[in-house]
Amino acid sequence: MNAKPLWPPGHALKLLQKVQRHESPVELVYTSHERWPCPRLPIHPQHKLDTIRISVLDSSFNPPTCAHLALANSRPPRYTTKSGLTGSALASAAELDYDAKLLLLSVRNADKALKSGDATYEQRLEMMYLLSKDIPASVSQRPEDKSESAHANVAIAIVDEPTFVRKAVVLRQFLHAWISGLYPPATALDGISISPTSGEISIPDPRLVFLLGFDTLVRLLSPRYYASEAAMMNALRLFLSPAGDDCYVVYARRKLAEVEHTVQEEVEAKTLSAAKEFVESERVALISIGADSVDEQTSSSQVRTKVALKDETWRRLVTPSIANYIIQNSLYVS
């Protein structure tokens, strides 16, 4: 059976068109609950959020793979937990995972002609929804009542920006407004889960942690995507500075397709040399995704190639629900 997202027909297309027409910089297609990215569960007044750490997995999702899932399920580096949830018991549990997760589809190249048999942007969003269902809730988000289902605090969004630096700006602006809208006036706070300890309400600040494969990190740190190398460094310093956009970048190493080992090492050395300033300031970090089902070459392009060649090993590179979706919609067959 083909699991369909919990949104009405035409919903995703309407939001896609709004973003493509520049009527809106960001649109949320799906949220796991109405208070995302804030906690679904009640928070004790002594345990207030002053920062919401949101992991951002930005990809083409054409299709989502087990590598995407492993990145989405990865744990945050210890230092990204600073200034998060206060209160020792809950802070200890919260540090085990991000407070919220965002699967992000960029549509800047949405007008580019799709290949025959390729996934449309609507289909990619539907597969992102299926992927979200394989992301478990973190320890701090699981209900005490075990009879209740534990859903990850996850959302799916569309953005129309080509660079991470610009994505960070528009996402932070959008999330500031969105989170503020979740907090009613102080006079209406009686009876809701989050209460102020004083007369003034403190709205938590979104802190974005971008999850990247190493090939994407290479592009982030490549001067050819900026006006100059100096312009790149200025943009990255603003992007990764606590006084700027206050973002982090977490990347997982992956073998670049069709690249020899020695060339791979040279690319990594050059990239990490460019990132030295940000690695030393603990704004860029390497993680191990540690998934047995994911090898260093797992990629969306690998899936598409294997499907087209009728190589059935492609099924091992995606989750069962996404494999079924690809088959039922005859994706990537030509």
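**Stop 1: helix H10**

Select Ser-300, Val-303, Lys-306 and Val-307: these are the buried residues of H10. They cover an arc of only 130 degrees around the axis, which puts them on the same side of H10. The spacing has a simple background. An α-helix has 3.6 residues a turn, so residues three or four places apart point the same way. Keep in mind as you go that this is a predicted model.

Now show what covers this face. The cover over the buried residues of H10 includes helix H2 (66–72) and H11. Then step off the end of the helix. Lys-310 follows H10, and its phi is positive, near 60 degrees.

**Stop 2: helix H11**

Move on to H11, residues 320–328. Colour Ile-322, Ala-323, Tyr-325 and Ile-326, the buried residues of this helix. Turn the view to look down the axis of H11: the buried residues fall within an arc of 160 degrees, so they line one face of the helix. What do the buried residues of H11 pack against? Show helix H4 (121–132) and helix H10 (300–308), and you have the partners.

**Stop 3: H4 against H11**

Two packed helices are described by the angle between their axes and the distance between the axes. Here the axes of H4 and H11 come within 9 Å and cross at roughly 155 degrees. An angle over 145 degrees counts as roughly antiparallel, and H4 and H11 therefore run roughly antiparallel to each other. The crossing of H4 past H11 is right-handed.

Select the contact residues next. On the H4 side, take Gln-123, Glu-126, Met-127, Leu-130 and Leu-131. On the H11 side, take Ser-321, Ile-322, Tyr-325 and Ile-326. Sorted by class, the contact of H4 with H11 has six nonpolar, two polar and one charged residues.

**Stop 4: H1 against H4**

Which residues make the contact? From H1, select Ala-12, Leu-13 and Leu-16; from H4, select Tyr-121, Glu-122 and Leu-125. By class, the contact of H1 with H4 has five nonpolar, no polar and one charged residues.

**Stop 5: His-22**

Follow the chain into the loop between H1 and E1, where His-22 is found. Check the backbone of His-22: phi is positive, about 65 degrees, although this residue is not a glycine. Is His-22 buried or exposed? At 60% relative accessibility, His-22 counts as exposed.

**Stop 6: two cis peptide bonds**

Zoom to Trp-36 and Pro-37. The peptide bond between them is cis, with omega near 5 degrees. Pro-37 sits in the loop between strand E1 (26–31) and strand E2 (51–59).

Then go to Asn-62 and Pro-63. A cis peptide bond joins this pair, with omega about 5 degrees. Pro-63 lies in the loop between E2 and H2.

**Stop 7: Leu-211**

Select Leu-211 in strand E5 (residues 205–213). At 1% relative accessibility, Leu-211 counts as buried. Show its surroundings. Apart from neighbours within four places in sequence, Leu-211 is in contact with Ser-55, Val-56, Leu-57, Asp-58, Leu-71, Ala-72, Ser-74, Tyr-98 and Val-250. Draw a distance from Leu-211 to Ser-74. They are 137 residues apart in sequence, and their C-alpha atoms are 8.9 Å apart in space.

**Stop 8: Gly-117 and Ser-330**

Go to the loop between strand E3 (100–106) and H4, and pick Gly-117. Gly-117 is partly exposed, with a relative accessible area of 24%. What does Gly-117 contact, leaving aside its neighbours within four places in sequence? Select Ser-330, Leu-331, Tyr-332, Val-333 and Ser-334. Gly-117 and Asn-329 are 212 residues apart along the chain, with 9.1 Å between their C-alpha atoms.

Finish on Ser-330, in the segment after H11. Phi of Ser-330 is near 50 degrees, a positive value in a residue other than glycine. Ser-330 is partly exposed, with a relative accessible area of 44%.

Technical notes
Residues are numbered from 1 along each chain as its sequence is written. This is a predicted model: local features need pLDDT of at least 70, side-chain atom pairs count only at pLDDT 80 or more; totals for chains, interfaces and linings use all residues. Side-chain values use heavy atoms; hydrogens and water are left out. Buried means under 20% relative accessible area, exposed over 50%, partly exposed in between (1.4 Å probe, protein chains only). Helices (H or I, at least four residues) and strands (E, at least two) are DSSP runs, numbered from the N terminus. The arc is that of the directions from the helix axis to the C-beta atoms. Contact means heavy atoms within 4.5 Å. Ala, Val, Leu, Ile, Met, Phe, Trp, Tyr, Cys and Pro count as nonpolar, Asp, Glu, Lys and Arg as charged, and the others, Gly among them, as polar. Axes are lines fitted to C-alpha atoms, for helices over the stretch in contact, and angles run from 0 to 180 degrees between N-to-C directions. Angles under 35 degrees count as roughly parallel, over 145 as roughly antiparallel, 65 to 115 as roughly perpendicular and the rest as oblique. A crossing is left-handed if the near helix is turned anticlockwise from the far one by less than a right angle, and right-handed if clockwise.
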